[in-house]
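Here is a short briefing on one protein chain. Look at the sequence and the 3D view before you read on.

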Amino acid sequence: MEAPRSSLLGKKYPVPIIRTLWPFFSAGLVIAYGVNSLATRLADTDEFRNDPRNPAIKSGARSPDKH
């Protein structure tokens with residue numbers, strides 16, 4: 001006698017999730033890229049260039065400018 005297989009939903013449904021949602025996944029990637037590039041560009045402005053909270057200064061990628 002074979003043990004019954006149980007799945008999460010009880011039955012497999014052939015629903016094309018990836019094919020249906022690919023525009024939302026790609027839009028999420030575009031938005032994440034845009035937010036990342038905007039944050040990088042804003043952190044490199046004159047106002048925040050010497051701020052000790054700037055992650056570029058913490059990582060040693062750039063030394064703070066002297067006035």
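**Overall picture**

Of the chain's 67 residues, 4% count as buried. Keep in mind that this is a predicted model. The chain has two helices and zero strands.

**Surface**

- The accessible surface of the chain is about 6700 Å².
- Carbon and sulfur atoms account for 65% of that surface.

**Helix H1**

- Helix H1 covers residues 17-43.
- H1 has 27 residues, and at 1.5 Å a residue they should span 39 Å.
- An α-helix has 3.6 residues a turn, so residues three or four places apart point the same way.

**The annotated stretch**

- An unreviewed UniProt entry places the feature "transmembrane region" at residues 20-39.
- In the model, residues 20-39 are 100% helix and 0% strand.
- The end C-alpha atoms of this stretch, 20-39, are 31 Å apart.

**Asp51 and the loop**

- Where does Asp51 sit? Asp51 is in the loop between helix H1 (17-43) and helix H2 (55-58).
- Is Asp51 buried or exposed? Its relative accessibility is 15%. Buried means under 20%, so Asp51 counts as buried.
- Which residue's side chain does the Asp51 side chain join in a polar contact? The partner is Arg53, and the contact is 2.9 Å.

Definitions and conventions
Residues numbered from 1 in each chain as written. Predicted model: local features only at pLDDT ≥ 70, side-chain atom pairs only at ≥ 80, totals over all residues. Heavy atoms only, no water. Helix = DSSP H or I, 4+ residues; strand = E, 2+ residues; numbered from the N terminus. Buried < 20%, exposed > 50% of the residue type's maximum accessible area, 1.4 Å probe, protein only. Polar contact = N/O pair within 3.5 Å; in protein donor to acceptor, adjacent residues only side chain to side chain. UniProt positions renumbered as here; feature names shortened; annotations may be inferred. Expected span 1.5 Å × (residues − 1). Areas by Shrake-Rupley, 256 points an atom, 1.4 Å probe, with all protein chains shown as cover.
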